[in-house]
Amino acid sequence: MKKVLAAAAMLALSTGSAFAADWKPDGPIRLWIGYGAGGGTDVQARMLAKELEQTRGWILVPENKSGEDGAVMSAQLKNEAPDGQTLGFAITTTYNFAPMNSDNISPEDFTYITTTAGSQMAVLARTSSGWKSLDDVKAAAEAGETLVWANWGTQVEAGAEVIARKLGITVNHLRTAGGKGALNAVVAEDANLSWGGGVQRPLVEAGELTILSSAESTHLVQAPDTPTLKEQGIDLDLGYKYIIVAPKGMSDEVRDTIAEAVAEILNNPESETRKFIEKQYPPAPVIETGDALRKTIIDGYAANVEMMKALVE
Amino acid sequence: MELAFQYIGLGIHSVFFDADGQFWLMPVLMVLTGIISGIFFGAIPGLSGPFALALALPVLTSVFGYSNEALLPVLGCLVGLMKGATVGGAVPAILFNTPGTPDAFLTTADGYPMAQKGQARKAIQTSHFASVMGDSFSDIVLFVAAPVFAVAVERVLDLPEKSALIILSLCFMAAVVGNAPLKGLLGGLLGMLLSLVGTTLSGNGVRLTLGLDGLGSGVPLTSAVLGVLVLSEVLISVEDMSRARKARESLPQTPEMGPPLTWAERLRMMPAILRSASIGTVIGALPGIGTTTAATLSYDTAKRLSKKPDEFGKGTPEGVVATEAANSAVSGANLIPVMSLGIPGNFAAVFLILAVETIGDFSFGPSVFKFTEIKEIDGYGMIMNKDLVMAFGLFTLMVMGNIFNWTFGGFVMRFLVHMARIPKDIVMPLILLVSLTAAYVQDGGYRGLGTALVFAVIGYLIRRLQVSTLPFVIGFLLAPALEQLIRGAFTASGGDALFLLKSPIAVIMLGLSGFLIVRMVLQGRQKAASQS
């Protein structure tokens with residue numbers, strides 16, 4: 001009897017101490033990236049995977065499943081077991097906007113683990129166009145110039161349309177593959193205007209592109225004096241965050257263990273992932289986790305549904 | 001001009017130093033590996049350059065990964081394979097009258113008689129010399145022409161014109177490849193149809209996935225190309241072998257090697273090499289025509305201009321020079337449309353494009369050759385057009401490849417005598433194993449395997465119908481780019497239904513495409529009429 005009690009006590013002890021930090025993956029973790037190879041999402045995800053291997057000894061196998069703003073990857077992810085062995089890496093837009101255009105996914109289908117970084121969303125034009133602000137764009141349109149706006153997704157295209165209507169001008173849209181495609185289009189003069197989520201930084205520094213407006217709720221690190229859209233009377237915040245997700249139903253223990261492991265890397269000033277984020281998505285990593293993150297996504301989805309309704313009316 | 005030299009310097013630097021500034025020899029070693037294995041591959045009858053590239057790409061990505069740093073080593077190896085295979089193909093052609101690669105078919109005409117006359121060594125060295133010279137010549141043309149062409153294209157061509165240009169190249173390719181242009185065109189259309197599976201840029205969800213979530217990102221590229229090109233060839237070979245099982249012939253004895261080629265003889269070949277290399281370069285720069293046409297044209301020209309035309313076909317070095325310089329010159333020039341427009345002209349180019357699509361954020365096209373000013377920015381680092389550095393890095397690797405081909409190539413060729421003796425029934429199962437493993441690893445397990453098998457059957461049927469698989473593969477690869485351009489041109493025009501017909505350049509290109517299609521139909525009818 002004593003033995004049984006002792007064993008029970010041991011068991012209780014061991015499970016007791018097995019709070020957040022003791023979950024371990026059972027074999028390799030599949031990390032599905034919602035965007036194509038070589039983009040900002042892909043680079044970040046692969047760096048993080050490598051550092052998780054170094055710090056925790058977990059084995060991560062990244063795989064790109066691009067398409068439809070991360071929705072292609074998410075549609076496959078939602079059918080996997082929420083045991084931490086399959087994770088997705090995408091952006092918040094994938095969950096707070098893309099489900100509107102997809103019969104396959106809804107924001108309720110996922111467990112949101114943690115964000116890693118935030119965008120530096122900007123409205124861009126070629127410096128050679130001479131435009132410095134949205135007013136210049138308006139003036140050019142009124143002078144008869146045809147405007148083409150490069151967009152990488154439905155959400156930003158809707159955003160471009162909202163801006164155009166607010167300015168009382170017409171823009172034509174050009175859909176590109178990913179953020180890099182949008183930049184290429186404006187550099188190659190296939191478009192006059194483009195969005196940039198962070199990858200625009202070197203081209204802006206080089207003087208090739210000019211930031212006309214911030215599309216975040218705050219000023220951009222790279223253009224601290226350029227106003228936000230809201231400050232110009234356009235109620236639009238297109239900022240997004242990079243996010244790690246899992247299928248719904250993941251236990252809090254697994255969710256928090258993974259979030260902690262990621263946070264440990266992102267908070268380490270020596271980490272490669274952190275250095276990359278500081279450079280590309282300044283000033284620093286953005287970490288939002290658990291139930292708070294879930295609420296942000298669900299609320300964001302509701303707000304986006306409203307934006308699209310307003311646009312249709 | 002100074003900026004151009006700065007970029008060239010950075011390109012060369014990127015080959016020898018990795019992103020952290022550490023000295024590394026990996027890209028150069030991979031070029032060497034590529035050259036040597038390419039020569040071996042080329043020398044085995046039944047295996048050609050594209051075969052080697054198809055098998056190497058998945059192996060290379062699993063070794064080097066998908067980051068930008070993987071690009072130079074992987075591209076280096078592929079370029080080496082491409083260059084090596086062209087050289088190696090000539091050896092069995094000369095020694096045993098069996099061309100190692102289709103490019104070397106005409107080399108048998110004079111190379112084999114030369115060997116029979118006891119001049120095997122001289123024939124092999126002539127072929128090696130002409131081949132490397134032709135290759136180097138066309139590389140130089142590439143280095144100059146690609147940037148100039150790209151800058152011109154970017155300045156002149158807008159979205160509608162770029163769309164029209166892709167349509168024109170697809171029609172042109174179908175018209176010149178193989179002897180059944182209409183079937184080629186249909187093959188190209190089939191390839192385009194299959195590439196429509198998966199994601200669109202419309203934002204309205206995926207299409208044609210048959211409800212399979214796994215097809216949401218489209219048909220996995222590498223597995224599909226492995227299936228069409230490599231597995232279908234294995235199927236054909238197995239079938240042929242089972243039919244001809246009893247008639248397996250043994251290869252003849254290695255002929256007398258004879259005296260080596262002298263430097264004076266090499267010098268005398270130079271004018272002929274230049275002429276043949278020019279022909280090869282011009283043909284190579286046009287998508288779809290390929291090495292066989294270049295070699296034939298060059299051979300006929302050499303024969304016509306020769307003082308002793310009767311000796312052609314009886315073992316004259318002039319004949320070997322004409323075919324080898326021309327077919328090798330195709331490989332460099334073929335990269336002109338690839339690098340400046342992203343349009344592949346032959347199978348080797350297809351694999352280079354596949355490599356840059358799967359690895360890193362580099363892609364071919366006019367924007368590669370934009371000379372952005374190089375600046376140092378506080379807290380960020382250097383600002384420059386990294387793609388241009390990459391392009392010059394690739395050029396550097398090609399030069400390295402030519403140097404290796406010059407030096408080690410000739411040495412390796414001496415060992416090839418035995419390669420042509422490896423029987424197909426050993427090679428084919430090995431290839432099958434490697435390519436199925438590659439498809440499984442590269443494209444997410446059974447999804448990749450399934451794709452490879454389905455595309456193997458498609459490739460088998462296309463080949464059995466006596467149609468080239470090239471238009472199919474290129475249609476498959478180019479359709480997404482074409483769709484993106486056409487959609488873009490349409491929406492950017494504000495939804496104008498006549499968006500493709502608003503610019504004279506686009507109208508001319510579409511008119512030419514229409515003319516080519518009409519011509520193909522008429523030719524097809526004539527052929528049918530003459531047969532009945």
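**Helix packing, cores and the A–B interface**

In H4(B), B:Lys83, B:Thr86 and B:Val87 meet B:His128, B:Ser131, B:Val132 and B:Asp135 of H7(B). Contact here means C-beta atoms, placed from the backbone, within 7 Å. Helices are DSSP runs of H or I with at least four residues, strands are E runs of at least two, and both are numbered from the N terminus. By class, this contact has two nonpolar, three polar and two charged residues. Ala, Val, Leu, Ile, Met, Phe, Trp, Tyr, Cys and Pro count as nonpolar; Asp, Glu, Lys and Arg as charged; the others, Gly among them, as polar.

This is a predicted model, where local features need pLDDT of at least 70, side-chain atom pairs need 80 or more, and totals for chains, interfaces and linings use all residues. Residues are numbered from 1 along each chain as its sequence is written, with chains lettered from A and ligands numbered from 1 in the order written.

Now the geometry of that pair. H4 spans residues 71-88 of chain B and H7 spans 120-156. Their axes come within 9 Å and cross at roughly 145 degrees. Axes are lines fitted to C-alpha atoms, for helices over the stretch in contact, and angles run from 0 to 180 degrees between N-to-C directions. The crossing of H4(B) past H7(B) is right-handed: the near helix is turned clockwise from the far one by less than a right angle.

A second pair is H10 (residues 221-243) and H17 (residues 424-442), both of chain B. Their axes lie 10 Å apart, at an angle of about 160 degrees. H10(B) and H17(B) are therefore roughly antiparallel, a label for angles over 145 degrees. H10(B) passes H17(B) in a left-handed crossing. The contact includes B:Leu226, B:Val230 and B:Val234 from H10(B), and B:Met428, B:Ile431 and B:Leu432 from H17(B). Its classes are 11 nonpolar, five polar and two charged residues.

Next, the cores. A nonpolar core joins buried Ala, Val, Leu, Ile, Met, Phe, Trp, Tyr and Cys residues through C-beta atoms within 7 Å; buried means 20 or more other C-beta atoms within 10 Å of the residue's own. The largest has 213 residues, and B:Leu78, B:Ile94 and B:Phe351 touch the most other members. H16(B), residues 386-413, gives the most to this core, with 13 residues. A second, separate core of 46 residues includes A:Val43 and A:Ile244.

Finally, the interface. 34 residues of chain A are in contact with 36 residues of chain B. On the chain A side, S7(A) gives the largest share, four residues. That side has 11 nonpolar, 12 polar and 11 charged residues.

How values were computed. Angles under 35 degrees count as roughly parallel, over 145 as roughly antiparallel, 65 to 115 as roughly perpendicular and the rest as oblique. Two residues are in contact if their C-beta atoms, placed from the backbone, lie within 7 Å. A residue is buried if 20 or more other C-beta atoms lie within 10 Å of its own, exposed if 12 or fewer, and partly exposed in between; C-beta atoms are placed from the backbone.
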